[in-house]
Amino acid sequence: MKRISQILSETCGLTEEAHHEALRVQEERGGRIGEILIQQKAITETDLLRALSIQFGLEYTDSLPTEDLNTEFAEQVPIQFLKKYKMVPVITPESRFIAAHDPLLFQPLDDLRLLLGLEGVKSVLTPYSAILSFINFAYDTSSRSAEQVIQDMHEEDGDLIISEIEHIGDLLDDTSDAPIIKLVNLMLSQAVKDRASDIHIEPLQDTLKIRYRVDGVLYDMLSPPKHVQSTLTSRIKIMAQMNIAEKRLPQDGRIEIRIGNKNIDIRVSTIPTAFGERLVLRLLDKTHILLSVSDLGMPKDRLKEFNRLIRSAYGIVLVTGPTGSGKTTTLYAALSTINTTDINIITIEDPIEYQIDGIGQIQVNPKIDLTFAKGLRSIVRQDPDVILVGEIRDLETAEIAIQSALTGHLVFSTLHTNDSASAVTRLIDMGIEPFLVTSSVLAILAQRLVRIICPDCKVAYTPDAESLQNVGITPEMVQGHTLYRGPGCPSCLHTGYTGRSGIFELMRLDDSIKNLILKTSDANAIKRKAVEQGMITLRQDGAKKVLDGVTTIEEVFRVTQQ
């Protein structure tokens, strides 16, 4: 059998110097020569696995199939065993093999073959990242559903005492037999798999209802028996480190979990209702990659204008829309676009949804009287170039934000208004003088999120004239375009939609609009003037996305109806 160093020098050009250095480290600290070479960056994991495949006469593959997969082994083999020994059985109609990271683990490989009746099945060398992803996928898809756990719950489980668990690692690793713990774990992992942003646990008179919010719309998911309500609530409150004895006052808490290779941050809110405590869990995938401005779905002309605005030297850029319309995501995208080493960016938020490298982020904390206004006063003394204020909620915050803009800072913030023109009215209603609005605000971006038609079940259709008219599309505009909708399929949970995109209304405060604001704060008059100046409204932008086949008429009408 050839030595591994010889194979590595032939296959990937391992030098004598690197080999001798690795041998020296091996003599000092012990360990295997291949792993030392990887640590010293002399070779890669792939180089080592390919060399081992030659040395042991085994196949090498860098990816594992997930189609038509048999995951019955997940019921027989503990997930910890596979993760410890970095191996997993791969059983499909076409092939049967054990993906392994280390060909020298003869005993665990034989144990796995014996346990699953796979005697004589070959081993294939595979990178650890591929094995780990495959293990998580297999155990996630094979997990008993939350519905099955609910069916197994009997009346005696109602008095189940929940043991406190200080720390949960990967939820897929948690093999607890307690039905309520199983139910909570499966409820959370199912929500993550279904791309849910919120879980609502709602006690009714005789039933308990669990709903998931997917792409901005709530769907009924589970109906556990009423008798598990108190134990389910207590389990979640223990995980969120809340007071389980206090059931009469609203509480807030936080849970951090890992599901497979995803880190999930969960904010928990409880309120007392007539039939028990109502819980809402907001799920935030911390492994989610921050969007760039070009990924938001903004048309090219508005994208160019917005990119220019966020690079202004000073002034206020406001983003408006109802809760859940993607305002924070847009502002984060803007910050990550302009985030360079030569400018100082500081934010004050409630809550901090994503950590951005190189930016100072402050969390609002009313318990210690750290409000938006107080935080903003302190930020100004930190020599910032760009300031993000999570939301302008009161006159004091608005005044400091405007003062900051007038003294040479670029300020980003959000307001809860229906459209861009209403933001001007809101500021003036708060008590800001019209001349301060016109001298500080550069532009107002109103936005909504529309669901994207599922690409797997997308079909063309011809809508009726009334539906077209609802979103301002004329029969002439349809010519040369194909309109689509999604009847629903398993990949979109039978909703017809997968993912969301933004629709935008960007109002720049040019001289004519500024002059009008000084005369009147009527939102309708301001909007009419902006449209005369060429502003594209939310509904018009939505209609364009309908004609482009991105979303449906119903979606645009749903999010833009006044």
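## Close-up views of a predicted model

**View 1. Helix α20 meets helix α21.** Ser512, Ile513, Leu516 and Ile517 in α20 touch Ala525, Ile526, Lys529 and Ala530 in α21, where contact means heavy atoms within 4.5 Å. Sorted by class, this contact between α20 and α21 has 6 nonpolar, 1 polar and 1 charged residues; here Ala, Val, Leu, Ile, Met, Phe, Trp, Tyr, Cys and Pro count as nonpolar, Asp, Glu, Lys and Arg as charged, and the others, Gly among them, as polar. Helices (H or I, at least four residues) and strands (E, at least two) are DSSP runs, numbered from the N terminus. The axes of α20 (residues 511–519) and α21 (residues 523–532) come within 10 Å and cross at roughly 165 degrees. That makes α20 roughly antiparallel to α21: angles under 35 degrees count as roughly parallel, over 145 as roughly antiparallel, 65 to 115 as roughly perpendicular and the rest as oblique. Axes are lines fitted to C-alpha atoms, for helices over the stretch in contact, and angles run from 0 to 180 degrees between N-to-C directions.

**A note on the model.** This is a predicted model with residues numbered from 1 along each chain as its sequence is written. Local features need pLDDT of at least 70, side-chain atom pairs count only at pLDDT 80 or more, totals for chains, interfaces and linings use all residues, and side-chain values use heavy atoms, with hydrogens and water left out.

**View 2. The open sheet of 7 strands.** The strand order is β13-β12-β14-β15-β11-β16-β19, and the pairing is mixed; two strands pair if DSSP finds at least two bridges between them. β13 (360–363) and β19 (497–508) stand at the edges with a single partner strand each, so one side of each is left without a neighbour in the sheet. From one strand to the next, the twist averages 20 degrees. β12 (residues 345–349) pairs with β13 in the parallel sense over 4 bridges, and Ile346 has Gly360 in β13 as its bridge partner. Helix α15 (residues 395–406) packs on this sheet, touching β11, β14 (386–389) and β15 (410–415), and its direction makes about 135 degrees with that of β11. Helix α22 (residues 538–547) packs on the sheet too, touching β16 (441–453) and β19, at about 140 degrees to the direction of β19.

**View 3. The open sheet of 4 strands.** Here the order is β1-β4-β3-β2, with mixed pairing. The edges are β1 (59–60) and β2 (87–91), each with a single partner strand, so one side of each is left without a neighbour in the sheet. β2 and β3 (residues 96–100) run antiparallel, joined by 5 bridges, and Met87 stands opposite Ala100 in β3. Helix α7 (residues 106–116) packs on the sheet, where α7 touches β2, β3 and β4 (123–125); its direction makes about 35 degrees with that of β2.

**View 4. The hairpin of β6 and β7.** β6 (residues 208–214) and β7 (residues 217–222) pair in the antiparallel sense over 5 bridges. Tyr212 stands opposite Tyr219 in β7. The hairpin has 2 residues between the strands, and Asp215 takes a positive phi near 50 degrees.

**View 5. Where to read with care.** pLDDT is the predictor's confidence in each residue, from 0 to 100. Its mean over the chain is 87, and 93% of the residues reach 70 or more. pLDDT stays under 50 over residues 154–168. Where pLDDT is low, the predicted coordinates should not be read in detail.
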